Amino acid sequence: MRVLAALSGGVDSAVAAARAVDAGHDVVGVHMALSRSRAQHRNGSRGCCSIEDAGDARRAADVLGIPYYVWDLSEEFEETVVADFLDEYAAGRTPNPCVRCNEHIKFSALLDRGIALGFDAVATGHYARIAEVPDGVGGPRRELHRAADPEKDQSYVLAVMGPERLARSLFPLGDVPSKAEVRAEAAARGLSVSAKPDSYDICFVADGDTQGFLRSHLGSRPGEVVDADGRVLGGHDGAYAYTVGQRKGLGLTRPAADGRPRYVLEVRPQANQVVVGPAELLSVDELTADQTVWLADEVAAGEWTDVEVQVRAHGAPVAARVRRVAGAGPADDGAGNGSVEGAGDGAGDGTGDGSGGGAGGQGPEGGRLDVRLATPLRGIAPGQSVVAYAGTRVLGQATISGARRGQARPEHRPSTSTATDRSADV
């Protein structure tokens, strides 16, 4: 099989490419140049796809003895990932650029170019597993599963890829028990990136100052900080700098009557207001999401299904019940109104946690996903991805558009354990 190996310049992608070579594939390495500034440098563990990373990727390809190319995808990256990031914050939502990058760049622009050039699949260093399970109809069914190493599992940010892209993807590191083993393997292979620090945070905000990045692009937009009753408590210089659940940096001029801390409950971009309130208004147990990407065709639309859901890249899964409504727009049953009513965890700092959804992905039907949580969650913001799991298997994902507290009908409450068939767990 002809395989295009995405070489980021890090240890994971280098070992993934090496394993693809070991598997007997005809492998070509490609580094994606995503920054419009060719002089951009990596800042320690921050950032990726820099000029240093391109050099590291080339050296890895040389050690593996595979052809190596640099593809300039900076225009696509700017027009999709960066533009979506800015648009979502300006709209009062919390985006996840990693989800958008996987959707638009790694498994769209890169894969589409590869297919046009005659490649069969793309191999990346993501930590996730693909299982082929007999379905008795048209051959084996491809399923996306959690990685063997739960600390490195990236299935959450890969759920947006959809079944067609999943069919042309390889994740050679999915069965690796730990990152330490990947580094040891890289060292044994003579790869110089074996001890290279992992990248983290947002790759195009290399200095880690997300608020500064937003201010430089969105400018000053003064407005009011209000309570749930509309009373003005202070001011802000841009509602985009706030996220649901934030406690610090609210700029309040009037303390709460009870002396307790207040949190961001909602961002209202049209009114240019930030709504704050007490901790008891934070938890939600009903979510509405749209732009659904569904990977489990056997789970019929319109039926409530017991699952586990995850709302952050490294968040803990919780029991829930979901209902997929194919082709539907926002819910009309009171499950959500496009904003999150009373959510947060008090840990926010105004930059978000990088767990959002954004513009939505390709899927077999799109539509809405209704979610009833067994355990209330805090810190849920519009724009975050909600991913549904059956055991280790990813069923699908959607982008949260609304949430509320405690009005789910009893018959729609999830059981304490998921009832969806887990026989395909790997």
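A salt bridge here is a side-chain nitrogen of Lys or Arg within 4 Å of a carboxyl oxygen of Asp or Glu. By this rule the count comes to 28 salt bridges. The model is predicted, so local features need pLDDT of at least 70 and side-chain atom pairs count only at pLDDT 80 or more, while totals for chains, interfaces and linings use all residues. Residues are numbered from 1 along each chain as its sequence is written, and side-chain values use heavy atoms, with hydrogens and water left out.

Select Lys-179 and Asp-12. Their closest N and O atoms are 3.3 Å apart. Lys-179 sits in helix H7 (residues 179-188) and Asp-12 in helix H1 (residues 11-22), 167 residues apart; helices (H or I, at least four residues) and strands (E, at least two) are DSSP runs, numbered from the N terminus. Lys-179 is buried at 10% relative accessible area, and Asp-12 is buried at 17%. Buried means under 20% relative accessible area, exposed over 50%, and partly exposed in between (1.4 Å probe, protein chains only).

Next, select Glu-132 and Arg-142, a salt bridge with closest N and O atoms 3.5 Å apart. The pair ties together strand S5 (residues 129-134), which holds Glu-132, and strand S6 (residues 140-145), which holds Arg-142. Glu-132 is exposed at 52%; Arg-142 is partly exposed at 25%.

Finally, go to Arg-393 and Glu-143, whose salt bridge has closest N and O atoms 3.5 Å apart. Arg-393 lies in strand S17 (residues 393-404) and Glu-143 in strand S6, so the pair ties together parts 250 residues apart in sequence. Arg-393 is buried at 6% relative accessibility, and Glu-143 is buried at 1%.
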